[in-house]
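Visitor: I am new to this structure. Can you walk me through how to read it?

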Amino acid sequence: MNESIKEQLESTFKAVVVNILEDSRIVVDVKKEQVLTVLKFLKDRNFDHLALVSCVDWIEEKEFELVYILTGYMQGEKEYTGQERLHLIVKTRISRQSPQFETVTGIFQNAEPYEREIHELFGVKFEGHKRLTPLFLERDYEIPPFRKDFDTRQYVQDVFDKIPFVENNDK
Amino acid sequence: MDRNQITKWLKAPAKMANKYSLHAIYFCTGCGIIEVPPVITARWDAERFGIIPVATPRQANLFLITGYVSVKTLKAIIRTYEQMLEPKYTVGFGSCPINGGMYWDSYNTIKHLDKYIPIDGWIAGCMPRPEAIFIAVTHLWTLIEKGMANGYVRYKENYEFYRKNQEMALGKLDWPALYQINSDSKAVEYE
Amino acid sequence: MENMVVKITQIILSPILALIVGVFFLGLARKIMARIHWRYGPPLIQPVIDMIRLFYQKSVSHGRMFDLGIILSLAGSIVVVLFLPFGQICPLAGSGGLLVILYIMLLAPLGLALSAGQGANPNISIGISRKFILTLGYEAPLLLVLLSVMTHYKTISIMEVVNIQQRTGWSIISFPLFLSGLAYFLILPAILGIRPFDMTSATQEISSGPMVEYGGKYLALTVLEHALVLFISIALFVNLFLGGAGNIVSFFMKMLVVFVLCLCINAVFPRFRIEQAIKYLWKWPTLLAFLGLITTIAIRS
């Protein structure tokens with residue numbers, strides 16, 4: 001099964017690198033222009049559950065890596081049983097200087113909160129996303145807090161430690 | 001109930017009733033809340049001390065903050081605290097509200113809860129055992145009897161500074177002040 | 001003149017007695033529930049301690065109706081108490097009877113709804129709507145039950161019903177009326193607002209419903225009101241079906257037995273949803289009560 005998916009992907013798309021990690025996990029490295037077509041291709045082949053969208057900050061290479069984890073429950077007509085269910089990990093790299101990418105909410109609607117989260121914590125702007133409003137954070141941050149160059153200790157010293165004690169403070 | 005207690009009841013019924021009828025509202029932040037179900041159910045049975053959980057801050061007079069406080073949670077905590085009716089007591093549970101605990105340098109977690117609302121007592125530990133809640137309650141009884149559990153009085157007196165701290169952490173607050181702040185920095189109650 | 005003094009004393013004493021019994025029942029309920037859970041439980045006077053604390057606490061009002069509604073509700077319950085015989089004590093035995101009780105019993109939920117409606121909390125409106133739907137649910141079988149009792153004894157005075165039962169035996173073991181008695185017992189948890197029917201003040205889903213904005217003195221008044229409702233609905237059952245009683249002590253013992261039975265129901269049942277409650281209330285108790293009414297009419301005429 002995983003061999004056939006690998007062959008299908010490599011024969012359909014040109015610059016796609018497919019590695020089979022274990023029996024059930026396949027890593028697909030794609031160029032950022034191809035992501036939407038690859039996801040659409042996979043969705044048509046029963047990988048119809050987007051389990052997670054994640055982001056990795058490669059600060060030395062000045063790149064963000066977006067990770068889409070896909071899985072499916074049906075193998076043709078019958079359901080997968082136990083271990084043989086496949087997980088496809090689609091990875092792509094985008095520039096760190098101007099972090100912009102296209103939204104995949106057109107293909108997988110449940111990507112919406114994941115993309116909002118990545119926008120909030122990494123500052124990646126998703127074009128075409130309808131609701132890129134704050135999700136978790138209450139304060140404004142100059143550098144989005146999950147980037148590697150965000151110094152949490154310095155931030156805490158500058159913000160929370162500056163707030164004085166109301167009582168029993170040693171004046 | 002011995003004779004000593006009866007004279008206490010006759011002398012200061014309000015104090016005694018406050019002691020033995022602590023209706024608690026548990027603020028379910030973080031991991032501390034998992035210690036509360038054994039406390040209120042059959043294993044440790046807090047009800048024999050008159051402690052029962054209630055659903056709304058209006059009915060409660062004990063506020064138990066169990067676990068780390070993120071900035072967004074702080075907003076809810078302040079609003080809950082201000083809705084409670086006086087006299088009210090607050091207890092911070094676990095090391096996170098005391099000084100940040102393992103969230104000591106987190107970008108979105110406040111470190112010292114007593115900068116924002118007054119705290120009458122702390123239960124240290126990560127996690128404290130359920131018995132620690134009972135130790136805290138007996139300490140709170142002593143404090144109430146001596147009139148030292150006066151967090152709500154201190155909140156009224158220092159409301160200006162508490163409000164300023166809250167605004168420093170949360171930005172502009174979108175609810176009205178609980179007490180009016182006068183020019184001579186003494187809080188006056190709103191009618 | 002002497003008669004007048006006795007009457008006034010009765011009018012003053014009977015609500016106080018009802019309150020004491022109701023609050024005692026509240027404490028007993030907490031203790032018995034704790035023992036069923038294998039806990040030690042609070043002291044019996046815990047509701048009194050809570051009440052003292054609440055009366056000393058500061059309270060927040062949400063408007064004029066918020067104050068008046070709860071007093072209306074409490075006053076309605078106190079007036080109902082005056083019409084109920086408690087042993088042989090019944091201050092207003094001569095007037096009204098069952099019909100008046102039917103009307104005034106509605107004042108308690110109505111006043112609570114008027115009062116709670118002043119708060120802007122959405123949980124309140126959910127709680128009130130559930131309360132009224134539940135009232136609608138149990139009023140239909142209750143009316144049928146009371147009608148069959150009135151038809152059977154050919155009177156509307158509760159005192160008379162009690163006196164006839166003192167001569168001829170309890171009506172719950174007499175033939176046509178045991179159906180009605182069973183129906184009343186089946187709807188009793190709904191009237192009391194205990195476990196299968198406590199969706200009006202469900203703490204977990206709608207944070208105690210209409211009570212969500214009550215604190216301090218207001219909450220204490222609602223607790224008193226609840227105690228009175230406990231007293232009224234159980235006392236009505238005892239008077240109509242368990243033969244009332246010649247003296248206060250045996251009356252109280254009968255109430256205690258009924259209340260502990262209700263507590264056992266409270267301990268073992270989960271909570272109904274509101275539409276399940278209506279489905280239940282309009283099915284079995286109504287059917288039984290209707291059957292009881294028809295048999296009573298057939299036998300009596």
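Predicted model: local features only at pLDDT ≥ 70, side-chain atom pairs only at ≥ 80, totals over all residues.

Visitor: What pattern does chain C follow along the sequence?

Guide: Chain C reads α-α-α-α-α-α-α-α-α-α-α-α-α. That comes to 13 helices and zero strands.

Visitor: How does the radius of gyration of chain C sit against the globule rule?

Guide: The rule gives 19 Å for 301 residues, and the radius of gyration of chain C is 19 Å, so chain C is as compact as a globular protein of that length. Its C-alpha trace spans about 55 × 50 × 40 Å along the principal axes. Of the 301 residues in chain C, 54% are buried. Take contacts in chain C between residues at least 6 apart in sequence: 80% of them join residues at least 24 apart.

Visitor: Now the chains together. Which chains have the most contacts between them?

Guide: Two pairs of chains touch, and chains B and C have the most contacts. Chain A and chain C do not touch. Their nearest C-alpha atoms are 25 Å apart.

Visitor: How many residues does each side bring to the contact of chain B with chain A?

Guide: Chain B brings 23 residues and chain A brings 22 residues. About 2000 Å² is buried between chain B and chain A, and carbon and sulfur atoms give 56% of that area. On the chain B side, D105(B), Y107(B) and K115(B) lose the most area to chain A. Together they account for 35% of what that side buries.

Visitor: What polar links join chain B and chain A?

Guide: Count 11 residue pairs in polar contact, with both residues at pLDDT 80 or more. Elements of chain B giving two or more residues to this side are α4 (71-83), β6 (109-110) and α8 (159-170). The largest share, six residues, comes from α8(B). By class, the chain B side has 10 nonpolar, six polar and seven charged residues.

Visitor: And what about charged pairs?

Guide: The general idea first. Side chains of opposite charge can pair when their charged atoms come close. Between chain B and chain A there are three salt bridges. One of them joins D105(B) to R153(A), with the closest N and O atoms 2.8 Å apart. Over all chains, the structure holds 26 salt bridges.

Visitor: Which parts of chain A does the pair D57(A) and R96(A) tie together?

Guide: These side chains meet in a salt bridge at 2.7 Å, N to O. D57(A) lies in strand β3 (residues 49-58) and R96(A) in the loop between β7 (87-95) and β8 (100-102), so the pair ties together parts 39 residues apart in sequence. Both D57(A) and R96(A) are buried.

R96(A) also forms a salt bridge with D149(A), the closest N and O atoms being 3.5 Å apart. D149(A) lies in the loop between β9 (125-127) and α4 (152-158) of chain A, so this pair ties together parts 53 residues apart in sequence.

Visitor: Is D149(A) buried or partly exposed?

Guide: D149(A) counts as partly exposed, at 38% relative accessibility. R96(A) has 12%, and the cut-off for buried is under 20%, so R96(A) counts as buried.

Technical notes. Residues numbered from 1 in each chain as written. Chains lettered and ligands numbered in written order. Heavy atoms only, no water. Contact = heavy atoms within 4.5 Å. Buried area = accessible area lost by both parts, 1.4 Å probe. Salt bridge = Lys/Arg side-chain N within 4 Å of Asp/Glu carboxyl O. Polar contact = N/O pair within 3.5 Å; in protein donor to acceptor, adjacent residues only side chain to side chain. Helix = DSSP H or I, 4+ residues; strand = E, 2+ residues; numbered from the N terminus. Nonpolar A, V, L, I, M, F, W, Y, C, P; charged D, E, K, R; others polar. Buried < 20%, exposed > 50% of the residue type's maximum accessible area, 1.4 Å probe, protein only. Rg over C-alpha atoms; globule rule 2.2 N^0.38 Å.
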